[in-house]
Amino acid sequence: MTEPHTGTRAVVLGASMAGLLAARVLAERFGEVVVVDRDTVLGAEGPRRGVPHGRHAHGLIARGQQILEELFPGLTAELRAAGAEPGDFNGDIRWYFNGRRLRPGRSGLVSVPATRPVLEAHVRGRVQALPNVLFREHTDIVGLSVSSDRRRVLGARVQPRNRTAPEVIDADLVVDTTGRGSRTPAWLDELGYRRPDEDRVKIDLAYTTAHFKLRGDPLGSDVAIIPVATPAHPRGALLYRVPGRAGCVELSLTGVLGDHPPTDPDGFLRYAATLPVPDIHRAVRDAEPLDEPVMFRFPMSVRRRYERLTRFPERFLVMGDAVCSFNPVYGQGMSVAAQEALVLRGHVAAGPAPDARAYFRDIARAVDAPWDFSASADLGYVGVEGRRTAKTKFANAYVARLQEAAAHDAVLANSFMRVAGLVDAPATLMSPHRALRVLRHSLRRGPRPDSGSRRAAAPGPAAASATHDTPDT
């Protein structure tokens with residue numbers, strides 16, 4: 001934080017995780033950073049109105065954990081002290097695909113399953129501690145203040161709840177991190193610019209989440225149980241311990257294409273019983289429910305193609321879900337926002353008014369791989385609308401074979417989790433070395449792996465060798 005300031009003030013619209021990360025990197029270059037949000041933000045301990053999915057399962061996947069640890073040194077240890085349970089992204093999580101558990105092995109990557117309020121509160125606390133960051137709560141975002149020729153953004157027009165008239169916060173740079181409901185496309189239209197094109201994948205997903213006080217401990221030394229929804233088994237789940245609440249777990253059930261987990265307690269448990277592995281239903285069927293199940297619906301993934309625009313206002317950028325909102329079952333949103341924060345950091349290093357078109361091109365590169373990964377997987381469902389290219393069909397068929405092989409091969413399991421964790425590019429899964437391992441396992445299909453705990457299915461030699469596996473193996 002010793003770099004000289006290149007701008008007087010930056011304004012961040014939205015105190016989302018993307019907004020907090022934007023504020024963190026902008027604080028390195030601007031004398032003042034103002035974060036504007038309509039909610040009560042400071043000191044918020046529970047789910048916020050502005051984060052409708054905040055009541056549901058969250059986890060910080062590998063690349064996100066790496067970047068947040070870089071931006072906020074010691075954050076992982078801080079989360080652990082608060083009761084979260086960071087663990088190895090493969091070795092400490094029970095991953096199931098099509099009812100088969102991936103072979104456990106030490107990937108060397110860290111994941112942090114934790115509730116959204118806990119993750120957000122600790123990141124927000126770090127940002128709030130920065131001396132040049134100011135939060136404006138209970139303030140509606142009305143629009144942009146622009147120059148007379150509409151070429152330059154001069155600040156943000158806001159409406160504090162305790163005042164009758166809007167005001168303008170002047171700024172050298174405004175960053176929109178207001179999420180999938182971002183009004184930037186409408187603002188561009190009003191200012192005479194073209195709206196960005198949108199890529200959409202309609203998945204009609206729903207999360208239904210409930211909390212339980214367990215009689216026993218189904219997790220043991222593991223940190224989460226995750227049967228992932230697939231076209232063959234489209235119902236999924238995520239179970240993990242709630243930080244700071246002994247014996248309490250959070251269970252999110254997922255369903256796509258209208259097959260949504262019920263919100264009545266009995267229906268919720270019946271749905272859990274249909275998961276392709278029995279561990280989760282066994283854990284909660286006799287547990288004490290702590291609340292009523294609640295649902296969050298996610299109709300579609302949306303990617304706004306700002307990088308294709310030929311004109312864009314100066315001193316204005318967009319980041320996070322406002323650029324691309326991913327199917328949340330893949331856990332990519334916060335980690336992609338962290339990658340985008342590094343892009344933003346690079347672009348403001350040269351001055352307070354980055355080239356928006358260059359910035360959006362670099363953001364697009366950060367989004368490409370996770371978007372292809374999740375959109376292609378969603379297009380594997382017959383009922384999902386979207387264009388299926390030959391590349392998409394081949395990739396889905398190959399990944400299904402790889403997941404089946406990874407049930408027996410910890411090297412392949414670690415390789416897959418490196419891609420799912422946004423550490424490696426998807427193309428690495430198709431390297432000759434890995435393709436040969438997939439082929440070998442396809443020709444020699446062994447017995448189904450045990451669906452119990454890691455202790456019941458101890459890693460064999462392949463898993464042991466994966467302890468020191470490198471990305472090139």
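**A close look at strand 5**

Reply: Let's start with a pairing: strand 5 and strand 6 (residues 100-101) run antiparallel and are joined by 2 bridges. Strands here are DSSP runs of E with at least two residues, numbered from the N terminus, and two strands pair if DSSP finds at least two bridges between them. This is a predicted model, where local features need pLDDT of at least 70, side-chain atom pairs count only at pLDDT 80 or more, and totals for chains, interfaces and linings use all residues. Residues are numbered from 1 along each chain as its sequence is written, and side-chain values use heavy atoms, leaving out hydrogens and water.

Within this pairing, Phe97 stands opposite Arg100 in strand 6. The hairpin made by strand 5 and strand 6 has 2 residues between the strands, and Asn98 takes a positive phi near 55 degrees there.

Strand 5 has another neighbour to look at. With strand 14 (residues 224-228) it runs parallel, and 5 bridges join the two. Phe97 turns up again here, with Val228 as its bridge partner in strand 14.

Now, how covered is strand 5 (residues 93-97)? Of its 5 residues, 5 are buried, meaning under 20% relative accessible area (1.4 Å probe, protein chains only), while exposed is over 50% and partly exposed lies in between. In a regular strand the side chains alternate between the two faces of the sheet. In strand 5, Ile93, Trp95 and Phe97 are on one side, Arg94 and Tyr96 are on the other, and all are buried, so both faces are covered.

Methods. Helix = DSSP H or I, 4+ residues; strand = E, 2+ residues; numbered from the N terminus.
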